[in-house]
Amino acid sequence: MRTQLRHLVEMSKRPNVELQVLPFSEGWHPGTVGSFSMLEFPEDVHSPVSYVVSQAGDAYLEREDDMRRVTLTYTHLHAAALSASKSRDLIAAIARDLA
């Protein structure tokens, strides 16, 4: 696990990677009900799509109101999470503690 955490720290230093940790201390949040991915494409290819994984099954959401809801969930998660630098520091500290 220590090697994996160190790898995350290194990858988080890349300009195209943003890694944020949402600590358990934040309590319940919209992400606890299942994971989701937001997929964006060039406008002439396809409109945005969200892939949602839940206990009720997996779904692809494309409707505007669905995408608005998923985007709001993402916004809340992003705001509640530690900053990228604080997340990196936390992950590095946990990796050191595993040594």
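The term salt bridge stands for a side-chain nitrogen of Lys or Arg within 4 Å of a carboxyl oxygen of Asp or Glu. Side chains of opposite charge can pair when their charged atoms come close. This is a predicted model, in which local features need pLDDT of at least 70 and side-chain atom pairs count only at pLDDT 80 or more, while totals for chains, interfaces and linings use all residues. Residues are numbered from 1 along each chain as its sequence is written, and side-chain values use heavy atoms, with hydrogens and water left out.

Where do Glu 64 and Arg 68 sit? They lie 4 residues apart in helix α2 (residues 64-80), so about one helical turn separates them. Helices here are DSSP runs of H or I with at least four residues, numbered from the N terminus. Glu 64 and Arg 68 are both exposed, a word that means over 50% relative accessible area, whereas buried means under 20% and partly exposed falls in between (1.4 Å probe, protein chains only).

Now look at Asp 65, which forms a salt bridge with Arg 63, their closest N and O atoms being 3.3 Å apart. Arg 63 is exposed, at 53% relative accessible area, but Asp 65 is partly exposed, at 35%.

Elsewhere, Lys 13 pairs with Glu 10 in a salt bridge whose closest N and O atoms are 3.2 Å apart. Glu 10 is partly exposed, with 45% relative accessibility.

How many salt bridges does the whole structure hold? A search finds 5.

Methods: Helix = DSSP H or I, 4+ residues; strand = E, 2+ residues; numbered from the N terminus.
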